[in-house]
Structure formats: C-alpha cells, structure tokens
Amino acid sequence: MAAESDPLRGELRVVPFEGGTLAAHAAAVYDELRTDRGYDVTDILVLKRFPTGIEDFARALVEELDLLGRPNVKTVSRHASTVVTERAPDARILSDVERIETLSMVLDGHTWENDYFAGAASHESFGRDVGRVLLAASYGGGFDLPSASERGPHSELLAELQAVREGFHDWLATQGWVERPDVLSRAIAALDDDEVRSTIEREFEAIVAVGFEEFGAVEREYLAALGENAELVCLGEAHASIARVWNEPGSLEDLGGELAVEPAVRRRERAGAPGAVARYLATGDESVLEGVDEPIYAITGDTLYDQLATIANEIGYLRTEYDWTYGDVAVLVKDSTGPIQTARRVLQRAGIPTASATVTGLSGDRAVRELHALAAYHAASDRQGRERARRILTDRLGGWPEAALAAVADESGVPEKLGRWILETDLKRRIAESEPIEARAQFHHVERVLDVAAFVETADYLANTWDGFVRMLERAITYVASDTYSTAVDVEESGVLVDAVRICKHDRRKAVFLVNVHEGQYPESRQLTQLFPRQWVREMPGYPGVTTPTAADVRATFETAPETIDEPYESYYAELARRQLAIGARAAGQRLYCCTSRTNESALGKRQHRSRYLTDLEDREAVPVVEIGSEDAERGIYTHGEASTAVLSEPWDQLERIQGAASTGSEYDLRRAERSFGAIGALLESDELDPRFEQAVYAQIDRALGEVGRGGDCGTGGRDGDHGSEGRDGE
C-alpha cells in the first residue's frame, strides 16, 4: 500500500451514525462555504467516494440548497481520470473486459518462478484469481510488502505477484493504456506538472469530500495532492465504514492526519424500529432500543429459493395493501459475492422488475448467447461446434436466418458485422418484446459485446477476426466478476433494487429485505479468492486487505468489539459483518425484513441458523420480531411466482387441514380456504396462463378429491370443467 506523501490539511466534520442524510450534511457545509467564507457556487468541488447514486446525490443537493443548476459533484475516480487525460490526452482507461484480456496475455507469457504458481497455473480459475488479487492490490496502491527481516513464510509469493503487476503496468504504458485502479496514482503524479495543476485548479477554490470514512490510502493521498492550494472540508460518518475497513483498520478519526476534527451539525435522528436496530448494531448502544414498539419482520424459507419467493410475495403484499411502488423496495445481500443474480431471476419470474448497480454477468444473457453463437458459427473449425451454434441461432429466430447472414457477410470488420446482424434481425425489438422486465439489462449487455468487438478491432495484438472476438468474448463471459460497478442503477423504470448493502449505504427505501441473515454470512470467514489457502493469507503481511489484525486493531476500528478477543482475525470480520448488517438495516425507512433459509443447498442440505446478531435482538425482546406467515402476519398469494409454487400443493394442504379439524373436533376457518381458492381461481382466469400449468392445477384438485385416475399428462384441460377426463391410459 502506498504511503501518504503529503498530510491532509483542512477540517474533518464527523457525522453521528443515523444522524441525518448525507445530502443534508453536505448542504450545511456547502452553505457555510458560500455564506461565511465567500465562495461562489462555481468555486466548490464536491467529491464523492463511490459512483453509485451520484446523480441522486446531486439532485438532493439542489433541493437542499435551492440551486438553479447542478453543483459540481464528481466521484474521486472520475475526477482523477480528467487529471490523467489532461496530462496525457491519448491515454485510454481500460474497461473491466479490456483489462481481463490484456492481463491474460501478460499472464500467458509469464514464466512463474515459484513452484506453487507453476502448479496452480493449470487450474481453470487461476487467471481470474490472480487478476482479482492484483486488482485489489492496485486499488490499494500496490502490495505493501514488509522488509526482508519481517517477511513471513509465503512473502515470496506476493513478491512475484508484485513483479507481475509492475510488468503489466509497464506493458500498458507502452500502449498508452491505464488500468482503472491505477488512475489515482497516475493522477497524483500528473499533479506534479505545474501546467496540469494550473489547469485543474481553475475548477475550484474549495473541496468538500463526502463519504470520507470510505476514502482509502490512495484516495486520501490524491485528496491531499489535489487540495494543496484549496480549502478542504471532509465529511465522514462515524461507525459507518464498510469498504475502507475491508482494506485497512482504524476509525474515522484515525484518518484525519492534520485535519481539524469537529462534530458536524447534528440532525434529527429518524425514529422507528429499523433506525433503532441499525444504531444498536453499529454502536452497541443498548439504550437506543428502549421504547421501540413497532416490529421488524422475519422471513424463513426452507431453501434460498423459498426465501426469495416469499420475499417476492411480500413485495406484492406491500404494493397491494399499501400502494407502494417497486422503487420503494430494496432486496440487499451482504456484498457483491452474494446471490444478486439469483434474487433478480426469482423476482423477475414473479413479474417484479428489478434494478441493480452491480454489473451483471454476461453468461446467462440470451442476447449475448445469440451474438456469441453468431461468432462461433463463423469461427468454428469443426462440424460439431458449427451445428451447436446453428441450433442456437435457429431457436432464437424461429428458423435459419439466411438473409441476415448474407448481409453480415457483406460487412468488413467484426463490429460492423455484429451491427448489421442486430439491425437485420431486429434484435433490440425482439429483446423488448420477449424480455420486457430484463430489457434494459440486456441492451446494456449488447453494448458491452459491441465494446469487446471495438477493442478487438483496435488492439494490435488481437486479430480482428471472428476467432479473436470469440476468444475475448468467452473470457469476458467467464471472468468478468460481479463485484464491479457502473455509475448508476441500471433500470430506469423504478424497479426493486437488488444489490449489495454498500450500494444502499446513503439511500432510503420504505421496505428493505436483507437476504441470508444467518451464520456463514453475518458473519463469515473472509477469503478474497481461492488462490491461496485461508491460513496462508492470515500469515501474509502485505496481502491486499486486513489479514493480520491485532486485538488493538479490532477495538480501534469497531465500537462494538468484545472485551475479550482471542482470535483478532475472526473478530475483525465478525464486527465488519455486524456493521454491514447495520448499514442494510438503516436503509429501511418503515419496514425491515431479516430473511433466512433453513438449509444450505450448496452444502448438501446442511442446516443453517439465524445470525447471532438477529438472535441477539430476539433474545433481548427489546424489538418485536414478527415472522411472515405466522398468525400475526398471515399472507395470501400476491404474485404469480408465489402462486405457481403454492397452488399445486394447496388442494392437498386445505383438505388435510379440514380433515384434521373434523377428526379432532376442532374448528377450521373456511374463509381461509375460500381466500386461497379464490386466489387460485383468479390465477386460472389469467389470459397469460400456460395451459400446461392449468392442467397441473386441475390434476391436483382431482387428486385431492380422490379422483386419482383423472387430470394426467394427456388430459385436455380447461376452465369449463373438462380437465383431463381421458385418464392416464398413455402411461
């Protein structure tokens, strides 16, 4: 990790956890700079740490300050990019896909000196794992290798990775390219050029750095260099860092350097159970739970799918009963390694549009699969590969597209060929009609594929052929990680936000569903990749992130740290998980749902238990926890997705309940059965219902009535009572 060359000078305003919105505090500083210190609106540069929500933040500032135009708000990385291009106008900052391709070329040509790497290089995931470690190191300014006398048993492995990283950057420099994590370091160096500094400083006289608690060492170094001749005010929130503390220990106040630390103007804290739970989780202050009467909610499913299906149904309930919009709801996983894509698929199948700032993978996208098949058809050297691609194209277009292929053949380069195919087959219209919920995400993926083709055309070391394109596209499909982020939420039509907790850090939604709030997630054992065994990482000073913390590091970083710390590493990441849970809970304006699954499908049905942080709240009985589906929160069927999972078993379930009540002499509420069958009836009246599903429903009703010989696979089905009278003679 790069050392900070210049100390930060200015002010650090410390915002209390849950002490008001980020925009409100930034507006207070902005107003002070204008009214008390005489700066004009155009003199103030506001730098935000993370790119997500940048436009929402700018709009909130406009409303808070009653401005006529947009304030000068940028992300740190975007501003650093302008500095780099000011010094080197022809510099190209590589996208994630381009970085993967160029790094793979360097790795393919590298002869590993260490036997461990030489053996591991044959594994399929080796390139991806090395790439992720190098990426994490670059965002921290490089590997912070200890001196020779302090090196651990595996330090030589990191030393070789450092050499690979330096070689990669040297090769990029020969091409005029820059990898995105290296932008800040390049910008710091560029500011040493007096001409560059003079041009950049015309933009501002004062800098407001918001979200300062998340500024890492390189960001702080950039801020110090940029603010050398400007007034600097840093705005940070106590007990709230979740990204920076992944990479370095310490509290907000520890970051200050020579900044004058003072509290920000305190805002009125938001009342309610979600806010109280969030403050308790973040600070450990039990008093905030006193007098909280409203509940938080729990959802428990047998599997992850059941958990997500219940979430989908509850979203339908909130929309129906409270008239909330999809944009009022967020479904959050702990971090970007969580089941974001699975959650989106389950919600979308229930008819719920979703939004995400996390760049979605290309592997499951049908439009990408079509474009890959087009390229594979032309690039395939064997009949089997060509026939496989031919089947995909035929299935996608309902026949062999002879005319479209002829038009493609008339174009020269791969980008032009892909563009012609998109036009000739009307791909975007087909996406909009067949994938209305996922359309914008698929449009974005198509653009990424076209970017890959454009890079193939311009990179000298890649052949501008179908072969070169297929190679790069397949690597992008395989290796582009889901933990990269775009600059804004991807879906414009107010979908349910499905993303990592970090994305919603400064956001508020009426309802928030926290997924997988169980042991193994909150907390979990931290592991960046499979490149090294976890025990090795814990003995490797200089590995990206916090791998060798002390008990003092844990206490300095987390107010909630226990008095006795036997395993600092485990304690550090347990407290980090607790803080992530606090940030997720804080995003809930009115309703907070903690969701769990009873079994882990990926671990052969291993039993899962609720997170210790959730059971702690339940044991304290300070905040009521209401289970969805219990007598206190009964739910009907509110989505087609829930209906399709529940409706087939419902006749059996209702019959068993009625028979059980009859045999024991107890009462049974027939109105409940009427509501369930009413929901089934409404579903069966839908014009969009698959006839096969309708047959299956009537078959279940027949079986529940004891008519086991009716309603089979060969039945005709129908709403008028003719539902499968032909029997099952075909079996």
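Helices (H or I, at least four residues) and strands (E, at least two) are DSSP runs, numbered from the N terminus.

The structure is a predicted model, in which local features need pLDDT of at least 70 and side-chain atom pairs count only at pLDDT 80 or more, while totals for chains, interfaces and linings use all residues. Residues are numbered from 1 along each chain as its sequence is written, and side-chain values use heavy atoms, with hydrogens and water left out.

The chain has 28 helices and 17 strands. Buried residues make up 51% of its 731 residues. Buried means under 20% relative accessible area, exposed over 50%, and partly exposed in between (1.4 Å probe, protein chains only). Contacts, defined as heavy atoms within 4.5 Å, were also sorted by sequence separation. Among those between residues at least 6 apart in sequence, 74% join residues at least 24 apart.

Two strands pair if DSSP finds at least two bridges between them.

Strand β7 (residues 231–237) is joined to strand β6 (residues 206–210) by 5 bridges, and the two run parallel. Within this pair, V208 stands opposite V233 in β7. Strands β1 and β7 also pair in the parallel sense, over 5 bridges. Here V14 stands opposite G236 in β7. Of the 7 residues of β7, 6 are buried, so this strand is largely enclosed by the rest of the structure.

The loop between α1 and β2 contains T42. T42 is exposed, with a relative accessible area of 56%. T42 and P71 are 29 residues apart in sequence, but 7.5 Å apart in space, C-alpha to C-alpha.

A helix pair was examined next. Two packed helices are described by the angle between their axes and the distance between the axes. The axes of helix α3 (residues 76–87) and helix α8 (residues 183–190) come within 8 Å and cross at roughly 50°. That makes α3 oblique to α8. Angles under 35 degrees count as roughly parallel, over 145 as roughly antiparallel, 65 to 115 as roughly perpendicular and the rest as oblique. The crossing of α3 and α8 is left-handed, meaning that the near helix is turned anticlockwise from the far one by less than a right angle. On the α3 side, V76, S77, A80, S81, V83, V84 and R87 take part. They meet V183, L184, R186, A187, A189 and A190 in α8. By class, this contact has 9 nonpolar, 2 polar and 2 charged residues. Ala, Val, Leu, Ile, Met, Phe, Trp, Tyr, Cys and Pro count as nonpolar, Asp, Glu, Lys and Arg as charged, and the others, Gly among them, as polar.

Another open sheet has 7 strands in the order β11-β12-β10-β13-β14-β9-β17, and its pairing is parallel. Strands β11 (354–355) and β17 (625–627) stand at the edges with a single partner strand each, so one side of each is left without a neighbour in the sheet. Strand β9 (residues 296–301) pairs with strand β14 (residues 588–597) in the parallel sense over 5 bridges. A298 stands opposite C594 in β14.

Strand β10 (residues 329–333) is mostly covered, with 5 of its 5 residues buried. In a regular strand the side chains alternate between the two faces of the sheet. Both faces of β10 are covered: V329, V331 and V333 lie on one side, and A330 and L332 on the other. Strand β10 runs parallel to strand β13 (residues 509–514), joined by 4 bridges. The bridge partner of A330 in β13 is V512. Another 4 bridges join β10 to strand β12 (residues 496–500), again in parallel. In β12, V333 has A500 as its bridge partner. Helix α13 (residues 340–349) lies across β10, β11 and β12, and runs at about 165° to β12.

Note on methods
Axes are lines fitted to C-alpha atoms, for helices over the stretch in contact, and angles run from 0 to 180 degrees between N-to-C directions.
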